[in-house]
Amino acid sequence: MMKRIQLIILTAVVAVTSYGFTTYRNDFFEIAKQIEIFTNLYKEVNMNYVDEVNPAELMNTAIEAMLEDLDPYTVYWNEQEIQNAKIRNSGNYTGIGADIISKSNAIVIRNIIKSSPADKAGLKIGDEIFKIGDIQVKDYNEDAGELLKGAPKSEVILELKRHTTNKKITLERGVVNIKAVPFYKLLENNTGYIVLSKFTRSASSEVSEAFQDLKKQGATQIVLDLRNNPGGLLSEAVNVSNVFIEKGTTITFTKSAIEKYNQTYTTQNKALDTNIPVAVLINENSASASEIVSGSLQDLDRGIIIGSRSFGKGLVQRPKKLNYGTQAKITISRYYTPSGRCIQALDYLDGKSIRKNKDEYTEFKTKNGRSVYDGGGVRPDIEVNEEKENELLKEIIKGNLIFDFANTYVNENEGLTLETFVMNKGVKDNFRKFIDKKDFEFETKTDQKIKELEQIAKTEKFLKSIESSLVDLKKSLQKEKENLLQEESETLRKLITEAIIRKLGYDEAVYNYYTQEGEVIKKALKALNNKAQYKEILGF
């Protein structure tokens with residue numbers, strides 16, 4: 001009886017939902033037909049399958065399978081995921097103020113916000129929390145990170161492992177304010193350096209405050225660092241651009257199959273400074289709203305772009321409320337920069353992501369007539385190889401090997417401080433030994449094809465005759481993979497240094513390291529200080 005009630009409710013919900021399609025789509029009959037087929041199939045499976053099935057899990061599987069054929073940004077959110085999205089956009093939440101890595105038996109502290117509840121309680125980067133209150137992380141089947149959240153001033157006892165020692169820490173939760181601008185500083189007495197890490201609701205106000213403070217300190221030129229900024233609110237991208245671009249200027253516009261989603265976004269306020277020289281730093285992890293800012297400043301010839309080609313996300317999502325407190329975040333349109341280009345790098349067809357070929361890019365012109373191109377992210381005016389990462393390095397980062405090494409290195413060098421740490425060849429050699437001990441294996445597409453070839457040759461009984469050739473091929477491939485790591489030697493050195501410095505002195509120490517040693521910032525300062533080169537790049 002309970003199943004029948006669920007099915008009646010589901011059918012009613014589907015019917016109401018499907019009715020909304022008639023407003024925007026003219027294929028109502030086909031939609032209604034497919035929904036009816038799905039509803040009947042769901043009913044028959046739910047009521048007749050040989051084993052008991054969970055209706056909610058069955059539906060979630062169906063939803064996820066349906067969305068897999070679309071772009072990866074069109075997703076279904078449950079209530080917790082909706083709450084997490086609100087936190088990301090607001091920049092405020094109640095918790096402990098730490099980034100975490102969830103493992104099967106522990107939660108690892110990846111980063112800590114200075115003066116946050118986690119910091120005040122004495123937690124350190126690399127700590128492995130294995131018990132939260134009375135709950136063992138290894139026995140908790142859901143996201144154990146949620147156990148760290150709670151009401152302000154509520155306490156929780158954490159049991160953890162730090163290097164080789166177990167500790168018990170009492171932590172008091174509190175309101176955590178995640179700054180959109182975590183760092184800014186005056187460089188060389190006249191250059192304002194601003195780091196914008198995400199586009200939350202306070203992004204433009206924080207950039208404005210930092211900008212005005214730096215000008216008071218004597219800044220006559222600005223470096224805006226958008227590296228590793230994944231984006232956020234489109235409205236805040238427009239407002240950040242508005243700091244440097246006059247009121248009434250188009251920053252971006254969107255196009256959709258649905259007329260009401262076609263919108264033009266213009267600056268609404270008086271700019272703080274339309275003449276100060278600006279350099280924007282980007283890399284392949286700068287996406288979405290970061291690309292709107294960098295792309296608009298480039299198209300309007302308002303600033304120079306330095307670093308490596310950005311991620312290439314030119315799609316706009318909007319949350320749509322569903323039943324029972326859930327939502328769908330749906331891609332509703334593509335956004336375009338002022339010149340008319342869409343920087344979306346991938347096409348999503350039948351669930352596959354296809355990167356556009358360079359010969360498919362279309363040329364557009366900036367305000368001053370410079371050539372810019374669509375289809376592959378924002379391409380910098382000054383490219384810096386240090387910001388590029390090959391596939392091997394991406395796998396090393398993804399596997400947290402640099403993070404793990406930094407924790408091990410600091411723990412084994414007791415007494416190491418920011419002042420005494422020196423990055424040298426010995427540290428890099430230690431890292432190579434570290435990943436060897438971890439049995440790290442980088443499997444390329446070529447490796448996968450060789451395995452397929454071996455399997456086919458074995459089936460067709462050709463393996464013995466080509467075995468020696470395959471051995472030689474594997475040796476050559478291994479040598480090429482070692483060369484890949486050597487190619488990224490400088491980038492690897494930088495990433496290892498960052499990880500060790502962060503453990504010794506928070507993000508602030510890393511940003512200070514950037515300003516002293518960062519190759520991209522050096523290039524930005526050089527370009528800004530050379531007024532003739534700056535104007536030439538912008539086409540003046």
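1. The largest share of the lining of the largest cavity comes from α15, which gives three residues. Helices are DSSP runs of H or I with at least four residues, numbered from the N terminus. The model is predicted, with local features needing pLDDT of at least 70 and side-chain atom pairs counted only at pLDDT 80 or more, while totals for chains, interfaces and linings use all residues. Residues are numbered from 1 along each chain as its sequence is written, and side-chain values use heavy atoms, with hydrogens and water left out.

2. The lining of the largest cavity consists of Arg 227, Glu 386, Lys 494, Tyr 514, Gly 518, Glu 519, Val 520 and Ile 521. Two or more of these residues come from each of α14 (489–517) and α15 (519–529). A cavity here is a set of points, on a 1 Å grid over the protein atoms alone, where a 1.4 Å probe fits but cannot get out; lining residues have an atom within 4 Å of a point. By class, the lining has three nonpolar, one polar and four charged residues. Ala, Val, Leu, Ile, Met, Phe, Trp, Tyr, Cys and Pro count as nonpolar, Asp, Glu, Lys and Arg as charged, and the others, Gly among them, as polar.

3. The space in the largest cavity is about 40 Å³, and the count of cavities of 30 Å³ or more is one. Volume means the space filled by probe spheres set on the grid points, which are joined across faces, edges and corners.

4. Helix α12 (residues 445–459) and helix α13 (residues 463–487) have axes that come within 11 Å and cross at roughly 170 degrees. That angle makes α12 roughly antiparallel to α13 (over 145 degrees; under 35 is roughly parallel, 65 to 115 roughly perpendicular, the rest oblique). Axes are lines fitted to C-alpha atoms, for helices over the stretch in contact, and angles run from 0 to 180 degrees between N-to-C directions. On the α12 side, the contact (heavy atoms within 4.5 Å) includes Ile 450 and Leu 453, and on the α13 side Leu 470 and Leu 473. The contact residues of this pair divide into eight nonpolar, one polar and five charged.

5. The axes of α2 (residues 28–48) and α3 (residues 55–68) come within 11 Å, crossing at roughly 140 degrees. α2 is therefore oblique to α3. Phe 38, Tyr 42, Val 45 and Asn 46 of α2 meet Pro 55, Leu 58, Met 59 and Ala 62 of α3. Seven of these residues are nonpolar, one is polar and none is charged.

6. For α6 (residues 203–217) and α7 (residues 234–242), the axes come within 8 Å and cross at roughly 20 degrees, so the two helices are roughly parallel. Ala 203, Ser 204 and Val 207 of α6 meet Glu 236, Asn 239 and Val 240 of α7. This contact divides into three nonpolar, two polar and one charged residue.

Definitions and conventions. 1 Å grid on protein atoms, 1.4 Å probe; cavity = no way out; pocket = protein on both sides within 12 Å on 5 of 7 lines; lining within 4 Å.
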